[in-house]
There are 2 protein chains.
Amino acid sequence: MSSESTAPVGIIGLGSMGMGAALALKDAGLDVVGFDISVEARQRLLDYGGREAKSPAEVARQCSIVMTVVVNSRQVETVLFGPNGVVEVMPQGGLVIQCATVAPSYARALGERLASAGIGLLDAPISGGAAKARQGQLSVMASGKESCFQQAAAVLDAMAGKIYRLGDAPGAGSSVKLVNQHLAGIHIAAAAEAMALGIRMGLDPEVLYEVISNSAGNSWMFENRVPHILKGDYTPYSAVDIFVKDLGIVTSTGCELTLPLPVASSALQQFMAASAAGHGREDDSAVIKVYQHLAGLKLPPAESE
Amino acid sequence: MSSESTAPVGIIGLGSMGMGAALALKDAGLDVVGFDISVEARQRLLDYGGREAKSPAEVARQCSIVMTVVVNSRQVETVLFGPNGVVEVMPQGGLVIQCATVAPSYARALGERLASAGIGLLDAPISGGAAKARQGQLSVMASGKESCFQQAAAVLDAMAGKIYRLGDAPGAGSSVKLVNQHLAGIHIAAAAEAMALGIRMGLDPEVLYEVISNSAGNSWMFENRVPHILKGDYTPYSAVDIFVKDLGIVTSTGCELTLPLPVASSALQQFMAASAAGHGREDDSAVIKVYQHLAGLKLPPAESE
């Protein structure tokens, strides 16, 4: 399929997830226009045959479909409603595919605000990590009007291995993503606490990992993140501060709904403690370093040491 | 293999795990002598071709290998050291295979106490549930002397699908089991909290289960226990009060080691709350009922309703 055969698709936010999705869209033959504040990120897209824009508005001038793959709702606000933002130039009938993890209440309100400008919204958080983004194999947890799904079909096909259609209004996609983040965050904090306990009890961490990952105590996150701890490699695949943010959305949503969430709250405090101790931009498995600071826990050294 | 070809093996505690193991040992051709305070349990073993004893001492009079598959360390104390207990009659060279979940410090001290009576100890907590026990497919997390492993070989082969040899002294087996229970307990409390959040946000719980069990938020426990919630079936496969006990051992071990365990502590409080509200003997997934009591959460009804 040649690029010329399809309408251009805009992507705002070319971090590990956005860049992965952008390149996967290129691989699928789509014409991609990207924006990021990082010149290097834009250059990488250009090198792969994509196009760049110098502002969100410039993306929206060329594309009737714009994906936002930014970090949080503040950035969504800036790129959609700020100066040189999407909404001031996007024509009626345009579509925003919003992929950042945001509060369900924010996603619902965003749907209404965009609708009043004649713009559709697919509430479409993504999951799977940078590698799956690059392969076009993300999980997309999406809700929105049937017409929005139809308009987005080629884009979703190119970026997703699995598309969950969760309802016909914005909010449901973000709600399911929030439950996923609730569990993912707790499971990482629990994995770190469990490894800290095992190490303090004198167990060999490699043996402990082997047994637990074959037992009822296993989780997707335990299996995926504990190897980072065993290698002493805290290169950020996903950073501690992402879970400070996401578990913050979880607990504030609990407050909105008057639903106590004590387990999520305890996990949030662990990520906050890790961030306070200077590990916010390290891999989220660095939440185990809280035990190093507080209790002198001896962690496996980096393999190069 | 006929029963007559092997030395008799004693099993004290014929609950779901102990009975499963006893019958699996019978299936493997071993001669099994069982004791439980429940006459019905002893009769079930008799009906299957096993033998019964009327006290722990009577088991130990006939068997040089005795397994304890009881609920907690208090019961271990009673059956080993109480009146008509194992230790007062077991000859030197006997072996105790201790399977209950206990504190590692208790298991270590037990090894020393039994050694001073000339009795070996395999610290051998089990995992896998009643069905795997019955199939002889338990996971055994064991530590103890090489000679104890040799003495126990036929028994371990008959009861276990996987045997983890974790070191040559009691304590390591119970330490690994404790880490498993730390994670298992947190994951059940997290699964309940996550489903409560999803239901309160208006999501369809069946759809939510389908998405999460295929996403990074999944855990062995989420996948295994949430179906009980979806069916409204709180028949106790493993009861809330088991995790009040096991997370109690986790947090008291944290205290012994001066290691803060805030995530496990928050999960323990949820099981304690469920027990306080009258659900201690229901399935551990009934920890979600805390949200029903506090926040009027509407849970899926039982399928028969």
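This is a predicted model: local features need pLDDT of at least 70, side-chain atom pairs count only at pLDDT 80 or more; totals for chains, interfaces and linings use all residues.
**Entry 1: how the copies are related**

I started with the superposition. Chain B goes onto chain A by a rotation of 180° with 0.0 Å of shift along the axis, and the RMSD is 0.0 Å. The two copies are thus related as by a two-fold rotation axis. I then looked for the C-alpha of chain B nearest that axis, and it belongs to B:S219, at 1.9 Å.

**Entry 2: the interface**

How many residues of chain B are in contact with chain A? I get 54, and they touch 54 residues of chain A. On the chain B side, at least two residues each come from β8 (138-142), α8 (172-200), α9 (205-212), α10 (220-231), α12 (262-279) and α13 (289-295). The largest share is that of α8(B), with 18 residues. By type, this side of chain B has 35 nonpolar residues, 17 polar ones and two charged ones.

I also wanted to know whether the copies use matching surfaces. Of the interface residues of chain B, 98% are also interface residues in chain A, so the copies meet through the same surface.

**Entry 3: α8 of chain B**

Is α8(B) mostly covered or mostly exposed? Mostly covered: 29 of its 29 residues are buried. Just after α8(B) I noted B:G202, with a positive phi of about 95°.

**Entry 4: α10 of chain B**

Next I listed the buried residues of α10(B): B:W220, B:M221, B:F222, B:R225, B:V226, B:H228 and B:I229. What do they pack against? I found α8 (172-200) of chain A, together with α8 and α9 of chain B.

**Entry 5: α1 of chain B**

I checked the length of helix α1 (residues 16-27) of chain B. At 1.5 Å a residue its twelve residues should span 16 Å, and the end C-alpha atoms are 16 Å apart, which agrees. This helix is mostly covered too, with ten of its twelve residues buried. The buried ones are B:M17, B:G18, B:M19, B:G20, B:A21, B:A22, B:L23, B:A24, B:L25 and B:K26. B:G29 follows the helix and has a positive phi, near 90°.

**Entry 6: α1 against α7 in chain B**

For α1(B) and helix α7 (residues 146-159) of chain B, the angle is about 105° and the axes are 8 Å apart. That makes α1(B) roughly perpendicular to α7(B), as angles of 65 to 115 degrees count that way.

Which residues meet there? From α1(B) they are B:A21, B:A24 and B:L25, and from α7(B) they are B:V155, B:A158 and B:M159. I sorted the residues of this contact by type: six are nonpolar, with no polar and no charged ones.

**Entry 7: B:G85**

I picked out B:G85, in the loop between α4 (73-81) and β5 (95-98) of chain B. Is it buried, exposed or partly exposed? It has 19 C-beta neighbours inside 10 Å, so it counts as partly exposed; buried would take 20 or more. Leaving aside neighbours within four places in sequence, B:G85 is in contact with B:P56, B:A57, B:T78, B:V79 and B:L80. I also took the distance to B:S174, which is 89 residues away along the chain: the two C-alpha atoms are separated by 22 Å.

**Entry 8: T258 in both chains**

A:T258 has one, with phi near 50°. B:T258 also has a positive phi, about 50°, although it is not a glycine.

Where do they sit? A:T258 lies in the loop between α11 (240-256) and α12 (262-279) of chain A, and B:T258 lies in the loop between α11 (240-256) and α12 of chain B. A:T258 has 10 other C-beta atoms within 10 Å and is exposed. I get 10 for B:T258 too, so I logged it as exposed; the cut-off for exposed is 12 or fewer.

Note on methods. Residues are numbered from 1 along each chain as its sequence is written. Chains are lettered from A and ligands numbered from 1 in the order in which they are written. Helices (H or I, at least four residues) and strands (E, at least two) are DSSP runs, numbered from the N terminus. The expected span of a helix is 1.5 Å times one less than its number of residues. Copies are superposed by least squares on the C-alpha atoms of residues with pLDDT of at least 70 in both. Two residues are in contact if their C-beta atoms, placed from the backbone, lie within 7 Å. Ala, Val, Leu, Ile, Met, Phe, Trp, Tyr, Cys and Pro count as nonpolar, Asp, Glu, Lys and Arg as charged, and the others, Gly among them, as polar. Axes are lines fitted to C-alpha atoms, for helices over the stretch in contact, and angles run from 0 to 180 degrees between N-to-C directions. Angles under 35 degrees count as roughly parallel, over 145 as roughly antiparallel, 65 to 115 as roughly perpendicular and the rest as oblique.
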